[in-house]
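The structure comes first, then the details.

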Amino acid sequence: CAKMQNLFRSVVESITPTLKTSHFFENGVLTPEEFVKAGDLLVYKCPTWSWTGGDPARTKPYLPPDKQCLVTKGVPCLRRARQVEASVRDEFFVSSGEGEEDWVATSSEAGPTGAASSSGAASGGPAAAGGDDDIPDIDDYTEDVEDDPSALSTGGAAAADSNILRTRTYDLTITYDKYYQTLRIWLFGYNESGQPLTAKGMFEDISADHANKTVTIEQHPHLPAHYATIHPCKHSAVMKKLIDKMQESGKEIRPDQYVFLFLKFISAVIPTIEYDYTIEVSS
Amino acid sequence: TPHFRHLSCCSHFQPWSSHCDPAFWHTLADRKINVLRLHGHTLPIFGTYPVAHTASAYLHSLAPPVFFDQLSFTQGNTEPTRDSASGMFGITGTVHLVDSLEAFKAVDKARFLHDAGKPAWEAILSGAALENPSLLNVTAALVYPDLKQHVFTYWFAFPALSPDTEFRVAACKPLGSVYPNGSDQALLHNAASSQKEPCFLVRHRGSNAASGIVETLPLKAWSTAQANVTALAVVDAGTVPNCPSWLLRNLLVFVCVTYKLQWVRVICLRPTVGGSDSSFVMDVVLPTIPRQPPPRVVGWEKTGKGANGPRTVNLAEFMDPVRLAAAAS
């Protein structure tokens with residue numbers, strides 16, 4: 001049961017000594033200090049990302065109080081993952097040697113059951129049927145408010161003439177996972193009208209390999225809410241592989257570039273969420 | 001003063017789009033249950049807005065968001081100037097909670113909006129906006145939280161003071177064509193990325209505009225430097241080409257009332273993304289706005305479908321302990 005696993009992990013985490021020395025090159029993992037440096041570089045290069053202290057009640061002592069996790073909000077997501085999946089898989093996995101199984105495969109503790117049953121549970125509720133229009137506005141309830149000719153029209157028939165596009169958006173956060181000594185990505189999506197997506201709706205924006213295996217809805221470590229998250233148990237192995245590959249091809253790679261490399265890797269998992277990352281490091 | 005023979009059109013402004021994340025709703029529910037309880041109905045809130053967008057947001061002209069999150073209710077988090085850590089500007093306001101959908105519908109929306117816009121108008125009349133122009137950027141929300149069902153019905157307003165005669169744009173040009181000097185452009189962009197306030201003044205250092213060297217001053221320097229001020233610069237959050245974002249509306253009203261100008265040059269500065277500079281310069285013809293009576297207020301946010309009405313958020317899947325437990329087991 002995932003709950004026991006979480007409890008187990010939080011206990012282990014509490015007694016696991018914080019990683020002090022860098023094992024970036026050997027194991028593809030990161031110390032909290034390296035996370036802060038790497039996050040600083042991301043925020044500097046990509047101003048749509050920023051640090052947040054999150055909920056003060058959840059502050060982790062091994063990170064600075066104002067630099068608990070990285071966040072970017074309102075990121076556009078124009079298409080569903082399956083629409084681009086084939087091309088991304090080719091681009092990302094073909095060259096990775098031992099194939100995707102290596103990191104896609106879920107360990108027994110990861111969340112296939114969680115992911116499956118959370119969408120299963122949803123099917124009982126009002127917000128269940130998937131798709132974007134599940135949670136209706138109170139559509140029939142509108143009011144006469146004063147006309148405002150100076151407002152640029154943003155919705156409805158008038159906006160159909162303009163170039164303004166309505167699209168799904170996502171909030172993304174990157175946290176430091178002390179247990180796996182790597183980064184972890186959390187996401188929450190909104191439909192074209194700005195309403196929260198169901199878990200099922202969010203899974204449409206995650207590559208199929210992950211949506212049904214390694215993605216779960218969990219309590220965010222720094223924010224007072226539940227978010228979708230990709231289980232990080234294989235992250236360090238993938239990162240190690242990416243680091244090795246870059247070194248083999250003669251490219252220099254530094255621990256403070258970890259977040260860029262991580263985001264590049266994550267872009268294969270959420271291929272249509274157009275978050276910002278400078279292509280500093282390309283493999 | 002230039003002669004405006006070709007008044008192209010009345011100016012349009014790109015509205016804000018409220019963006020409330022799940023942490024916002026969790027915290028709102030917590031405040032209602034543990035702080036306000038049965039009797040309290042208003043909470044001060046604080047939102048943030050970015051001026052840097054992803055290239056994709058510009059490409060598709062996505063509505064500029066105002067973010068509300070778990071920090072929106074933090075006591076003392078009322079300083080609306082830019083937070084240097086996040087690079088975001090702040091917007092302050094109030095959430096009004098009602099206890100039923102009937103009560104929600106019964107609220108006099110015109111009066112609500114008028115009251116919500118009052119602080120901005122008073123900041124203009126008192127001169128407080130001169131010291132702190134962020135006072136012009138305000139919000140108010142009406143919320144019916146159904147705490148049992150984890151359903152929230154809400155309607156945000158971003159009050160804009162609306163003069164009887166609209167602002168008209170006389171000319172609109174790319175920044176580079178008005179300020180061809182590269183060092184001027186760099187100076188303006190640097191100011192836009194480092195200023196605490198979302199607006200500032202620009203004037204020519206020499207007597208001759210052609211010398212092309214500009215300098216920036218805080219808004220409050222206007223009264224002493226007025227003769228030399230050549231433009232009002234705004235750090236603009238908009239994503240539509242040549243269309244300023246909502247913030248400029250109340251700022252222009254401020255300029256009308258305070259300085260009684262006939263026109264003003266406005267520099268809308270946008271962060272450079274992907275090497276393209278979408279900053280632009282507008283000459284805006286201003287109406288006369290009397291100090292009495294107060295101008296009407298507009299600014300209810302439209303729904304995703306362009307209608308005037310509230311939105312509903314159902315977070316049962318993410319907030320209901322029973323459903324979360326079932327999903328995790």
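## A buried aromatic pair

Phe35(A) is buried, at 0% relative accessible area (buried means under 20%, with a 1.4 Å probe and protein chains only). Trp51(A) also counts as buried, at 7%. This is a predicted model: local features need pLDDT of at least 70, side-chain atom pairs count only at pLDDT 80 or more, and totals for chains, interfaces and linings use all residues. Residues are numbered from 1 along each chain as its sequence is written, chains are lettered from A in the order in which they are written, and side-chain values use heavy atoms, without hydrogens and water.

The whole structure holds 25 aromatic pairs over all chains (rings of Phe, Tyr and Trp, the last by its six-membered ring, with centres within 6.5 Å; planes under 30 degrees apart are stacked, over 60 edge-to-face, the rest tilted). Phe35(A) and Trp51(A) form an edge-to-face pair, 5.3 Å centre to centre with 80° between the planes.

## The interface

64 residues of chain B are in contact with 66 residues of chain A (heavy atoms within 4.5 Å). About 5,400 Å² is buried between chain B and chain A, and carbon and sulfur atoms give 59% of that area (accessible area lost on being put together, 1.4 Å probe, summed over both parts). Lys305(B), Glu317(B) and Phe318(B) supply 11% of what chain B buries against chain A, more than any other three residues.

Chain B and chain A share 5 salt bridges (a side-chain nitrogen of Lys or Arg within 4 Å of a carboxyl oxygen of Asp or Glu). Arg249(B) forms a salt bridge with Asp148(A), with the closest N and O atoms 2.9 Å apart.

Key:
Buried means under 20% relative accessible area, exposed over 50%, partly exposed in between (1.4 Å probe, protein chains only). Buried area is the accessible area (1.4 Å probe) that two parts lose on being put together, summed over both.
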